[in-house]
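Me: I would like to learn how to read a protein model. Can we go through it feature by feature?

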Amino acid sequence: MNKNIDEKEKARVSAWFTELRNQICKSFEFLERNQTSGPFANLKPGKFEQKVTKRNSGSEDDAGGGIMSIMREGRLFEKVGVNISTVYGQLGDAAQKSLSARRKVPGLKDDPQFWASGISLVAHMRSPKTPAVHMNTRMFWTPKDWWFGGGTDLNPCIEYPEDTERFHKVLETYCAPHGVDLYPRYKAWADEYFYVPHRKKARGVGGIFYDDHCSGDWLKDFALTKDVGRAFLPAYLPLLEERLDQSWDQDDRERQLIHRGLYAEYNLIYDRGTRFGLETGHDPDAVLMSLPPLAKWI
């Protein structure tokens, strides 16, 4: 199965994540430039700043990195990061253990080579009426295995049921061409994955999540992952446009900051991507980009 995954196909994956990053950053900057009302309209519109990130596992055999694109203190976005990365080399013991805990990767112990590429996005908004959001998609390769993973979930501090329904409907529409069973299965997976056990509550209103996705048909699986990425803007932008001019007060802000505390707890304690990124030596600033700029605990 893996003999058909060559360097050209890996390059196609990395190129797609770069293209998706560019589309999203362009759309977010357009919103920033055109937001001419509200309490932050007098600020300069936010723009993404880029930083090259490197993998540093301590081994000369390891390489790769990515680009971290961050916008801070904009008119709409308090902080949003859109990261892409492509890393490769040897998986250390901790990373092998992390992978093996959920997937039996053939031949990993004897040949721990790996290659991984992905995009990761987290947006924390100025207004408590506009929801925070997360999205990522990725591909992972070892000499005898490969798989895709990713998803997106909505994290409003003030939920509007019609927004939740709209967000999920778009995800369902983009999943449908790949099988009618995918959306309900991946929605249920997201509900389980983004649950915060010590708080006994979800971190948001869900979305979709999948991992270890390998049907044996690389083109088919890549097409699904691209459609998950394509779904993001049509699922999310209308929610921003609907709420961005709504007024809010200090009580709403307090609610937002406390909700962000829940988000930070989840990402630091439970999120597999956070743990794996740190275990494999990726730039900590890029790995922890998902954390909100401000949060509060009772």
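Me: Which side chain does K296 meet in a salt bridge?

Reply: Start with the general idea. Side chains of opposite charge can pair when their charged atoms come close. A salt bridge here is a side-chain nitrogen of Lys or Arg within 4 Å of a carboxyl oxygen of Asp or Glu. In this structure, K296 meets E254, at 2.9 Å from N to O. K296 lies in the segment after α8 and E254 in helix α6 (residues 250-269), so the pair ties together parts 42 residues apart in sequence.

Me: What should I know about the source of the model and its numbering?

Reply: This is a predicted model, where local features need pLDDT of at least 70 and side-chain atom pairs count only at pLDDT 80 or more, while totals for chains, interfaces and linings use all residues. Residues are numbered from 1 along each chain as its sequence is written, and side-chain values use heavy atoms, with hydrogens and water left out.

Me: Are K296 and E254 buried, partly exposed or exposed?

Reply: Use the cut-offs. Buried means under 20% relative accessible area, exposed means over 50%, and partly exposed is in between (1.4 Å probe, protein chains only). K296 is partly exposed, at 34%. E254 is partly exposed too, at 28%.

Me: How many salt bridges are there by this rule?

Reply: The count comes to 17. Take the one between K10 and E7, at 3.2 Å from N to O. Helices (H or I, at least four residues) and strands (E, at least two) are DSSP runs, numbered from the N terminus. K10 and E7 sit 3 residues apart in helix α1 (residues 7-33), so about one helical turn separates them. K10 is buried, with a relative accessible area of 5%. E7 is exposed, with 56%.

Me: Which side chain meets K51 in a salt bridge?

Reply: That is D283, at 3.7 Å from N to O. The pair links distant parts of the chain, 232 residues apart. D283 is in the loop between α7 (272-279) and α8 (284-287), and K51 is in strand β1 (residues 49-54). D283 is buried, at 13% relative accessible area. K51 counts as partly exposed, at 34%. There is a network as well: salt bridges link K51, D283 and D285.

Me: How many disulfides does the structure hold?

Reply: A disulfide is a covalent bond between the sulfur atoms of two cysteines. The test is a pair of cysteine sulfur atoms within 2.5 Å. The structure holds 0 disulfides. Look at C214: the nearest cysteine sulfur, that of C175, is 18 Å away. C214 is partly exposed, with a relative accessible area of 24%. C157 is buried, at 13%.

Me: At what angle do α1 and α5 pack?

Reply: First, the method. Axes are lines fitted to C-alpha atoms, for helices over the stretch in contact, and angles run from 0 to 180 degrees between N-to-C directions. Here α1 and helix α5 (residues 218-243) pack at about 5°, with their axes 12 Å apart. That makes α1 roughly parallel to α5. Angles under 35 degrees count as roughly parallel, over 145 as roughly antiparallel, 65 to 115 as roughly perpendicular and the rest as oblique.

Me: What kinds of residues make the contact of α1 with α5?

Reply: The contact residues divide into 15 nonpolar, 4 polar and 5 charged. Ala, Val, Leu, Ile, Met, Phe, Trp, Tyr, Cys and Pro count as nonpolar, Asp, Glu, Lys and Arg as charged, and the others, Gly among them, as polar.

Me: In what order do the strands of the sheet run?

Reply: Strands of a sheet pair through backbone hydrogen bonds, either parallel or antiparallel. Two strands pair if DSSP finds at least two bridges between them. In this structure 7 strands form an open sheet, in the order β1-β2-β3-β4-β5-β6-β9, with antiparallel pairing. β1 and β9 (207-213) stand at the edges, each with a single partner strand, so one side of each lacks a neighbour in the sheet. The twist averages 10° from one strand to the next.

Me: How many bridges join β4 to β3, and how many join β4 to β5?

Reply: Strand β3 (residues 77-90) and β4 are joined by 13 bridges. For β4 and strand β5 (residues 132-142), there are 9. Y88 stands opposite W115 in β4, and A116 has F140 in β5 as its bridge partner. β4 and β5 form a hairpin, with 6 residues between them. Strand β4 (residues 113-125) is mostly covered, with 11 of its 13 residues buried.
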